[in-house]
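Please find below some comments for a colleague who has the coordinates open.

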Amino acid sequence: MELLVAIIIGVLVTSGVYLCLRARTFPVVMGLTLLSYGVNVFLFSMGGLKMDEVAVVGMSENPTDPLPQALVLTAIVIGFAMTAFLVVLALRSQGEHYTDHVDGRDDVPGRKDEGGEA
Amino acid sequence: MSHWIIAPVLIPCLAGLLLLLEVRERHRLRRFTGLLSCAALLAVGVVLVNQAWDGAYTVYKLGNWEAPFGIVLVLDRFSALMVLLTAVLAFPALLYASCGDDRKGANFHGLFQFQLMGINGAFLTGDLFNLFVFFEVLLIASYGLALHGRGPARVKAGLHYVVLNLVGSGLFLIALGLIYGTTGTLNMADVAVKAQSLPAADTTLFSVALLLLWVVFGLKAALFPLYFWLPATYANATPAVAALFAIMTKVGIYAMVRVMALIVAPIPPIGQQALWWLGLITLGLACLGALGAKRLGTAVAYLVVMSVGTLIAAFSAGYGSALAPALYYLVHSTLICGALFLLAGLVARGRGEVGDRLVAGPAILGSGRLSLLFFAGAIAVIGLPPLSGFIGKVGLLRTVPEPIYWVLLLVAGLCGVIALSRAGSTLFWRTTGESAGLRPSRRRLFAVLWLLALSPAMALWGEAGLQWAEAVADQLRQPHGYVQAVLGGGAQ
């Protein structure tokens, strides 16, 4: 269980970081989303992983820690709002610069400064 | 129990909500609401400083849950001082914006209030996760404000700013997760207690969490190598917004100092050491940035970075006596950088098309008064006598006896002189023909004057100011009082 969760977090964060480093806004948005998924799962596991237990004290002998669940809920809400804002901002940037490059550069194929896309 | 402590969060929250409901673009009503809220914050700030000044801590339990389980707000001298500083900066910034800049986009006033709510909350909270939430509140408001007024340059700088801060939020959450995983609590005082008796296996994880916190706070404070977003964002923002943002880097520094003061025992020495060197590097690079700036706004933004480097190096040098002058310098630099951003806005307006770019351009209308203000602001920010920057810098030089700090701080002063005198002579003397710009209105000048006048005031009452700073530092040096106030007598 722990190994599985650790691997999931690792894969999510790796993919997220990779996508964040791309030169286009859409991969960056996706990357940030994956990154926040990874972070949320990490936060979730910080109370200790337990199988088949409720998160209410008194309902079971060995309840799951409820606090990380509350924290994750907050983090998800905030992350959702931020992602929505970022999508709008990316669209705006596209509209202002006529390109989806994060630095607003011209979209000439084969140019050196085009990041990983060339 | 006194309820004043929650007012700095509630007042802007209510004002912001009311401003969101006002959809008919009645600008006078919006401005009045915003300014009223800022004036109320100013009054509450004075009340809070008064309340905190005898050295007692006020702990406010939200929902009346006992300390390690519920969220607490904690008022001590440091947080009271920062809340007051925010109000002192916010009022003139909003006054400046109310002269017309607020019309460039919808919801400026609402965002401004939510920004204030986030900043005040971050200063007052005694809970690490709550600190994260208030950081997000102030960040999402700042995203909107940074983009206020539109324009391609603003959108580009804004995109970088938003993406960087979202990554920063992710790191913050990882750090919080690690802290919760190792200590089982997120209450700052409780973390401080639990950190003393960590099992050996968890010490490394806890140190990693602290180092991650330094990264996050360093990003907010614009510390090398995380400051590259700042000059573009600040220089491209509307002047009033840039002026308010002068306090935002200080939020990062505040959080850093707070955590540093509270959690003393198991900090890996490398954390403090790294901060010291990074602070020095920031200071050095900011000098180069200020010298190479092509716009007045960018030069002022680099001066903000310079003050951040100065402060973080001073706070992490490990000299207890450096705390007081550093706090004095923090207040001074926030106010003066805010004033300079407003002034850069006035200069840009006065020059019309050319804006604040440092090239020969049309003469500025009303340049006599503006150049005088610029001169005063430059002297203050560089740290020449007789204004407050000088007192702050002398205090820092006296209490941080490190040769490299001395050299860098003095070189930074020199670079500031060169950069600002070059900027000033280009802007005010190398003129070509008549201006198509706008004459500065009286209200805008008043806003600048408000902030600038505090510098001579801080110099005149320098002794008292330093004593106040010493009192704040005194409280910071005794984390036991904080812990005891939050957790009750039995904790320590």
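The points below take up the helix packing and then the pockets of this predicted model.

1. In chain A, helix α2 (residues 25–45) packs with helix α3 (residues 67–97) at an angle of about 175 degrees, and their axes lie 10 Å apart. Because angles over 145 degrees count as roughly antiparallel, α2(A) is described as roughly antiparallel to α3(A).

2. The contact involves, on the side of α2(A), residues including Val29(A), Leu32(A), Leu43(A) and Phe44(A), which meet a set in α3(A) that includes Leu71(A), Val72(A), Ile76(A), Leu86(A) and Val87(A). By class, the contact of α2(A) with α3(A) comprises twelve nonpolar and five polar residues, with no charged residues.

3. The largest pocket holds about 640 Å³ of space, and of the 29 residues that line it, Arg154(B), Ala235(B), Asn236(B), Ala237(B) and Arg295(B) are nearest its centre. In chain B, α6 (152–183), α9 (229–236), α10 (239–245) and α14 (323–351) each contribute at least two residues to this lining, with the largest share, five residues, coming from α14(B). The lining of the largest pocket is divided into twelve nonpolar, eight polar and nine charged residues.

4. For the second largest pocket the volume is about 530 Å³, and 17 residues line it, with Leu81(B), Leu84(B), Val331(B), Met458(B) and Trp468(B) closest to its centre. Its lining draws at least two residues from each of α3 (77–97), α14, α18 (442–460) and α19 (462–476) of chain B, and α19(B) gives the largest share, five residues. By class, the lining of the second largest pocket has 16 nonpolar residues, one polar residue and no charged residues.

Methods
Residues numbered from 1 in each chain as written. Chains lettered and ligands numbered in written order. Predicted model: local features only at pLDDT ≥ 70, side-chain atom pairs only at ≥ 80, totals over all residues. Heavy atoms only, no water. Axes fitted to C-alpha atoms, helices over the stretch in contact; angles between N-to-C directions. Helix = DSSP H or I, 4+ residues; strand = E, 2+ residues; numbered from the N terminus. Parallel < 35°, antiparallel > 145°, perpendicular 65-115°, else oblique. Contact = heavy atoms within 4.5 Å. Nonpolar A, V, L, I, M, F, W, Y, C, P; charged D, E, K, R; others polar. 1 Å grid on protein atoms, 1.4 Å probe; cavity = no way out; pocket = protein on both sides within 12 Å on 5 of 7 lines; lining within 4 Å. Points joined across faces, edges and corners; volume = space filled by probe spheres on them.
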